[in-house]
Amino acid sequence: MMELTQATLTIRTMVASDIHQVSQIEAENYIDPWNAKIFADCLQVGYQCVVLLCEEVIIGYCIVMHVLEEAHLLNIAISQQSQNQGLGFYFLQHLIHDMQQDGSKLIYLEVRQSNIYAQKLYEKLGFNIVGKRKGYYPLGNGREDAILYTKYL
Ligand SMILES: CC(C)(COP(=O)(O)OP(=O)(O)OC[C@H]1O[C@@H](n2cnc3c(N)ncnc32)[C@H](O)[C@@H]1OP(=O)(O)O)[C@@H](O)C(=O)NCCC(=O)NCCS
């Protein structure tokens, strides 16, 4: 696999023609993936939609809903073959820096209780657990709790 260095990485705003690649990464990562229409709606309503590329190939994306000084991180994923190489950390650290510059004061997000890797990523970036949302996510025939994280900027 191609070596990933910061020199080969680009972060830019998502555009409609990215949705096909983004949806493929989404499908490989989630048991209840968003479909292409949901990503198109996110672009249309003006959510912050950002992609991470390695030499022109999309390897990650993030969707954030901003309400005044609060940022709700709705979705972030890195393509499976690029995971666990520091890219999620690099990507989110960059986004957090930009949000701070743009005046956001608080970021919050939900994560599945079983999603230990994502929880480690958020904790490494200084997020704190502030609560739990019972049965927030579908899981087979049942539901799974979400852990609610926040980070003050
Ligand atoms: C969560 C996700 C975005 C993290 O991205 P990533 O590029 O794999 O993460 P990083 O390589 O930057 O790792 C950051 C930290 O997460 C943890 N981590 C990530 N992947 C890991 C793995 N496979 N094994 C162990 N720890 C892991 C580690 O603590 C790591 O820090 P460390 O290497 O200093 O110990 C990515 O795994 C992903 O896309 N998962 C599927 C989608 C998802 O769950 N999104 C979050 C929904 S809330």
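In this predicted model, serine 23 is buried, with a relative accessible area of 16%; this value counts as buried because the cut-off is under 20%. The residue lies in helix H1, which covers residues 19–29. Leaving aside residues up to four places away in sequence, serine 23 touches Ala36 and Phe39.

The protein chain as a whole contains 4 helices and 7 strands. Along the sequence these elements follow the pattern β-α-α-β-β-β-α-β-α-β-β. The radius of gyration of the protein chain is 15 Å, which agrees with the value near 15 Å for a compact globule of 153 residues. Along its principal axes, the C-alpha trace spans about 40 × 40 × 30 Å. Of the 153 residues, 42% count as buried. The chain exposes about 8,700 Å², and carbon and sulfur atoms supply 51% of that area. Where contacts join residues at least 6 apart in sequence, 62% of them link residues at least 24 apart.

In soluble globular proteins, nonpolar side chains tend to be buried together. The largest nonpolar core in this model has 28 residues, of which Leu52, Leu73, Phe91, Leu92, Tyr122 and Phe127 touch the most other members. At least two residues of this core come from each of strands S2 (48–54), S3 (57–67), S4 (70–78), S5 (106–112) and S7 (142–152), and likewise from each of helices H3 (87–101) and H4 (116–124). Helix H3 gives the most, with 7 residues. Leucine 73 touches Cys62, Ile63, Val64, Leu92, Ile107, Tyr108 and Leu109, again not counting residues up to four places away in sequence. A second, separate core comprises 13 residues, among them Ile19, Leu53, Ile58 and Ile63.

The model also contains a ligand, which 21 residues surround; the closest are Ile76, Gly86, Gly88, Asn115 and Lys124. For phenylalanine 89, a backbone N or O atom is 2.9 Å from a ligand oxygen atom. Taken alone, the ligand exposes 910 Å², of which the protein buries 79%.

Terms used
Residues are numbered from 1 along each chain as its sequence is written. This is a predicted model: local features need pLDDT of at least 70, side-chain atom pairs count only at pLDDT 80 or more; totals for chains, interfaces and linings use all residues. Side-chain values use heavy atoms; hydrogens and water are left out. A nonpolar core is a set of buried Ala, Val, Leu, Ile, Met, Phe, Trp, Tyr and Cys residues joined through side-chain atoms within 4.5 Å. Buried means under 20% relative accessible area, exposed over 50%, partly exposed in between (1.4 Å probe, protein chains only). Contact means heavy atoms within 4.5 Å. A residue is near a molecule or strand if one of its heavy atoms lies within 4 Å of it. A polar contact is a pair of N or O atoms within 3.5 Å; within protein, one must be able to donate a hydrogen and the other to accept it, and residues adjacent in sequence count only if both atoms are side-chain atoms. Accessible areas come from the Shrake-Rupley method with a 1.4 Å probe; for residues, only the protein chains shown count as cover. The radius of gyration is taken over C-alpha atoms; the globule rule is 2.2 Å times the number of residues to the power 0.38.
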